[in-house]
Amino acid sequence: MQRRDFIKTLTGVGVGAALVPPCKYCADFYKNKNLSPKEKLNSKIIAQMPKKIRLEACSLCQLNCPACWVRLEEEKIKKEEGFGYLKFKDFKNLVDDNPEIEEIELSNSGEIFLNPELDKIIKYAYEKKVNLFANNGVNLNTLSDEMAETLVKYNFCAMSVSIDGATPDVYKIYRRGGDLNNVIANIEKINKYKKKYNSENPKLVYKFIIFNHNVEDIPLAKKLAKKLDMDICFIQNTQPWYAQLSDEQIKRAEKLSDLKMNNNEKYDVFMAELLDTYRTGKMKWFFCDDLFTYPQINWNGNFFGCPKSNKFGLNVFKIGLKKALKDKNVVYSKKMLLDFSVPPKKGVPCSTCGVYETLKKAKYEMYSDRDFV
């Protein structure tokens, strides 16, 4: 066979095409060759397997914070999902079946340290070279000496500690049922083992939500964070009905915290301003991006997609993560978010989400603000 005919045979064009089909790469190329650059990018984004996931370690919590969405929807959650914790066997199977995963965020709506199998989860992630985080937040009121050592010994990467004050009396106004003295003692436990193992991990962040009752604690919080070898992060309260600051307090809080704050009396206005904050790089994440790059899985395996309580009727522990990501409603949700001309559809959780509506009004371009590929 001459060289030209041989090449035609390999590519499935010309002589021998009936016997040797085109390779998958070529087939995909010819199938997509007429797509626009944006369509090609969107196609790649929709099909990609994320390297990061959010997997709730525990939905139980020992505190009773007044503006917590879990406490506000407790009866609904009990009826639909229940409360519980991630089992080690489910974690192991998920990690083993998805070697692409490099990073897992374990915190979402509960306190991860109430999971009795957390030590085994942390050790196995270390063995499989999967980085663990709790950047969404922990309250750290409960931490055994053994768990403090496990965090350091097995290289738990980072966690945010939700404190919202710098004195016990101010702390307990929002973190009801908690004790700031316990939290500080537990941070010191972790620091003790970081020194023993000469480790920087877990990196600890002092997370301070600014309310009208804790503004004057901001300078003390900065000093306490420094003493405890923690970074500090100030966050605006997003609940327009709870403990909002007066105009004078906003100016005072901005001066003390260096945080630019928005008036969020109207949710839609606040969300639009939040989007602007996101676009300028001052905020590094947004809910809807997580469906693409950081999908949320509940403690019992239910696929939420994003950290909000939107679920797709899929259980990752039963059908596998890859199959869940290929589900028609998950794919349709991604198309809705990438191209707002795609209409909402019954049965697709994003269709009834207020955040989606805000994004749509703002003509937010999902693919242009994050490095998906």
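## Overall make-up

Contact here means heavy atoms within 4.5 Å. On that basis, residues 24 or more positions apart account for 69% of the contacts in the protein chain with a separation of 6 or more. This is a predicted model, in which local features need pLDDT of at least 70 and side-chain atom pairs count only at pLDDT 80 or more, while totals for chains, interfaces and linings use all residues. Residues are numbered from 1 along each chain as its sequence is written, and side-chain values use heavy atoms, with hydrogens and water left out.

The protein chain has 18 helices and 8 strands, where helices (H or I, at least four residues) and strands (E, at least two) are DSSP runs numbered from the N terminus. Of its 373 residues, 49% count as buried, a term for under 20% relative accessible area, with exposed meaning over 50% and partly exposed in between (1.4 Å probe, protein chains only).

## Helices α6 and α7

The axes of helix α6 (residues 88–97) and helix α7 (residues 118–127) come within 9 Å and cross at roughly 15 degrees; axes are lines fitted to C-alpha atoms, for helices over the stretch in contact, and angles run from 0 to 180 degrees between N-to-C directions. That angle makes α6 roughly parallel to α7, a label for angles under 35 degrees. The crossing is right-handed, meaning that the near helix is turned clockwise from the far one by less than a right angle.

On the α6 side, Phe88, Phe91, Lys92, Val95 and Asp96 meet Lys120, Ile121, Tyr124 and Ala125 of α7. By class, the contact of α6 with α7 has 6 nonpolar, no polar and 3 charged residues (Ala, Val, Leu, Ile, Met, Phe, Trp, Tyr, Cys and Pro count as nonpolar, Asp, Glu, Lys and Arg as charged, and the others, Gly among them, as polar).

## Helices α11 and α12

Helix α11 (residues 218–227) and helix α12 (residues 247–257) have axes that come within 9 Å and cross at roughly 20 degrees, which makes α11 roughly parallel to α12. Their crossing is right-handed, and the contact is made by Ile218, Pro219 and Lys222 of α11 with Ala253, Leu256 and Ser257 of α12. These residues divide into 4 nonpolar, 1 polar and 1 charged.

Lysine 328 lies in helix α17 (residues 328–338) and is exposed, with a relative accessible area of 66%. Lysine 328 and valine 348 are 20 residues apart in sequence and 9.3 Å apart in space, C-alpha to C-alpha.

In helix α18 (residues 354–361), the buried residues are Val355, Tyr356, Thr358 and Leu359. Seen down the axis of α18, they fall within an arc of 160 degrees, so they line one face of the helix, the arc being that of the directions from the helix axis to the C-beta atoms.

Note on methods. Parallel < 35°, antiparallel > 145°, perpendicular 65-115°, else oblique.
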